[in-house]
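Please look at the sequence and the model before reading on.

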Amino acid sequence: MSRTVYVNGSYLPEEEATVSVFDRGFLFADGVYEVTSVLDGQLIDFDGHAKRLERSLGELDMDSPVSMDELRDIHRELVRRNDLREGGVYLQITRGAADRDFLFPEGAEPTIVLFTQAMNLTNSPKAEKGLKVISIPDIRWGRRDIKTVQLLAPSLGKMEAKKAGCDDAWMIEDGFVTEGTSNNAYIVKGGTIITRDLSNAILHGITRAAVLRFAREAQMKVEERSFTIDEAKDADEAFITSATTFVTPVVEIDGQQIGEGVPGTVAKRLREIYLEESRKLAD
Ligand code: PMP
């Protein structure tokens, strides 16, 4: 079934939606994006995603063609028009179309595209079974805190994981885990939740912020610091977070079983808390 997508002010059937071949998103990956999950037809943590989007745009000296309130309305309208109950809304803003030049163009109109993706997020077999991950070198650029559309390194990482019969890859830099290819990485040791501290080395996950808040509210101990892959392999539990995976356990790293090799109790509890609390706040 054809979806209705949003391009530069118009709601169109996906077959009719077009963007210029000169778009800087296409030529330079000069664009940013967000993915907001949808549960029961409602947006999860739109405000968090809108705030990060504004920050990403600001860091790249890029303008948004719409206000954040308008953006929320477009999200809701797309969910409505596509009758989306569960899945995600993908949003991308680029610097727009201009003759190819490394220098930023003057006066180019930013391009904005949104589309929905139906996904089964809550009844995920992967969340039930747990993920197998491999470790790979982090070959990305130095501003991972900006959510740009340059996703070739994570794409290569996921392909490498797939070839190894695994679900995903955790990336390593200077001996420490940065994050998963499209998610933040965590371990649990002696009841303490450990995840890398915020810096330019990782994306500041919106799910991460919510999960850490809920964990602290539930009196769980949280340490924001770097950890090595060896520390991860020796942990009691491991898990990831992202907008579309919520909290998903990791049960194997580089072929080595984590804890008992089954989803851990902390990860399972955090997934439940996250789903319950985010549903309450969804709009
Ligand atoms: N790190 C990376 C590299 C990501 O691509 C993502 C997902 N976009 C995340 C972390 C998780 O971020 P969020 O919780 O905001 O989806």
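Which residue has a polar side-chain atom 2.6 Å from an oxygen atom of the ligand? In this predicted model, that residue is Thr207. Two further side chains come up to nitrogen atoms of the ligand, Lys147 and Glu179. The table lists these polar pairs.

| Residue (polar side-chain atom) | Ligand atom | Distance |
|---|---|---|
| Lys147 | nitrogen | 2.3 Å |
| Thr207 | oxygen | 2.6 Å |

Taken alone, the ligand exposes 390 Å², and the protein buries 92% of that area.

The shell around the ligand holds 18 residues. Lys147, Glu179 and Thr207 are among the closest, together with Ile206 and Ala243. By class, the shell is made up of 10 polar residues, four charged ones and four nonpolar ones.

Several elements build this shell. Two helices, α2 (46–59) and α6 (206–217), supply at least two residues each, as do the strands β9 (176–180) and β13 (237–242).

The space that the ligand takes up is the largest pocket.

Definitions and conventions
Residues are numbered from 1 along each chain as its sequence is written. This is a predicted model: local features need pLDDT of at least 70, side-chain atom pairs count only at pLDDT 80 or more; totals for chains, interfaces and linings use all residues. Side-chain values use heavy atoms; hydrogens and water are left out. A residue is near a molecule or strand if one of its heavy atoms lies within 4 Å of it. A polar contact is a pair of N or O atoms within 3.5 Å; within protein, one must be able to donate a hydrogen and the other to accept it, and residues adjacent in sequence count only if both atoms are side-chain atoms. Accessible areas come from the Shrake-Rupley method with a 1.4 Å probe; for residues, only the protein chains shown count as cover. On a 1 Å grid over the protein atoms alone, a cavity is a set of points where a 1.4 Å probe fits but cannot get out, and a pocket is an open set with protein on both sides within 12 Å along at least five of seven lines; lining residues have an atom within 4 Å of a point. A molecule sits in a cavity or pocket if more than half of its atoms lie within 2 Å of its grid points. Helices (H or I, at least four residues) and strands (E, at least two) are DSSP runs, numbered from the N terminus. Ala, Val, Leu, Ile, Met, Phe, Trp, Tyr, Cys and Pro count as nonpolar, Asp, Glu, Lys and Arg as charged, and the others, Gly among them, as polar.
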